[in-house]
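Here's a quick briefing for anyone meeting this structure for the first time. Take a look at it below, then read on.

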Amino acid sequence: MSEASRDFVPALGQNWLTPLYDLTIALTTREGRWRKLLLKAADPQPEDIILDIGCGTASFAILLKRSSPQTRVIGLDPDSEVLMIAKRKASEADADIEFVEAMGDAPPESVQQAGVTKITSSLVLHQVPLDGKRAIIGKAYDLLPSGGRLHIADFGEQRTKLMRFLFGAVQRLDGVEYTQPNADGILPEIMRESGFSPVEEANVVATLVGSISLYRAIKP
Ligand SMILES: C[S@@+](CC[C@H](N)C(=O)[O-])C[C@H]1O[C@@H](n2cnc3c(N)ncnc32)[C@H](O)[C@@H]1O
């Protein structure tokens, strides 16, 4: 069995919902707001090589490429179906993005040797089991050079009753077991345990389905 065929939760929890992913995210997550913040934080430069882990339908990879056309952008995702949508969207947007089918903690040699300078990941870790969250963040640490940055946008600590209630919609789709550690605020802890320092939660965006945190972590 290839690494890419290990178990993963698809974009909206079920394969048959994947074609509805972009619309759902647009309608429920204040997508424009948090993607803009993530793009500003990642600050793509022409010399950067950026790996987007769990790129899904490539919405963020396309933004990276539009903002800095000379930046090499690699979108990695284990789901061949979502990658078909990603490739179509990238081609329609005339965005030259490299796509790789793999799990976030098991990138192929080509990615390991690429000289990645920054790593981004949006809305991925909340739907990954706890050991997978640790493995993906640990692998991101290994891939980055000293001074390299990891930028994550995902459902983080749900601090109010309202946000915890709204996040219930995500938990019904993706399951409580994988999502609850995020809601308890575990991501910055894992980043620190993996060696990143400093780690900061730069922004929190309240949405209709819970709050999305933007984290920035630097490899010392
Ligand atoms: C909710 S979607 C987010 C897609 C995209 N990053 C975005 O911002 O719209 C989560 C994606 O993570 C991928 N995924 C799930 N488990 C993964 C893993 N272990 N490693 C990498 N990607 C994974 C899924 O296939 C899915 O495309």
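Leu51 touches Ile74, Leu76, Val111, Val116, Ile119 and Leu143, leaving out residues up to four places away in sequence; touching, or being in contact, means that the C-beta atoms, placed from the backbone, lie within 7 Å. Bear in mind that this is a predicted model, where local features need pLDDT of at least 70, side-chain atom pairs count only at pLDDT 80 or more, and totals for chains, interfaces and linings use all residues. Residue numbers start from 1 along each chain as its sequence is written.

**The core**
- Leu51 is also among the residues with the most contacts inside the largest nonpolar core, along with Ala61, Ile119 and Ala140.
- That core has 52 residues, a nonpolar core being a set of buried Ala, Val, Leu, Ile, Met, Phe, Trp, Tyr and Cys residues joined through C-beta atoms within 7 Å.
- Helix 3 gives the most to this core, with five residues.
- In soluble globular proteins, nonpolar side chains tend to be buried together.

**The whole chain**
- The protein chain has nine helices and seven strands; these are DSSP runs numbered from the N terminus, with helices (H or I) of at least four residues and strands (E) of at least two.
- Take the contacts between residues at least 6 apart in sequence: 72% of them join residues at least 24 apart.

**Around the ligand**
- The ligand has 24 residues around it, and Phe8, Gly54, Gly56, Gly104 and Ser122 come nearest; a residue counts as near if its C-beta atom, placed from the backbone, lies within 6 Å.
- Helix 3 (59–67) and helix 6 (130–143) each supply at least two residues of this shell.

**Val9**
- Val9 sits in the segment before helix 1 (21–28).
- Val9 counts as buried because it has 20 C-beta neighbours inside 10 Å.
- Its contacts, leaving aside neighbours within four places in sequence, are Gln127, Asp174 and Tyr178.

**The hairpin**
- Strand 6 (residues 199–207) and strand 7 (residues 210–218) run antiparallel, joined by eight bridges; strands pair if DSSP finds at least two bridges between them.
- Two residues lie between these strands in the hairpin.
- Val199 stands opposite Ala217 in strand 7.

Key:
Contact = placed C-beta atoms within 7 Å. Buried ≥ 20, exposed ≤ 12 C-beta atoms within 10 Å, placed from the backbone.
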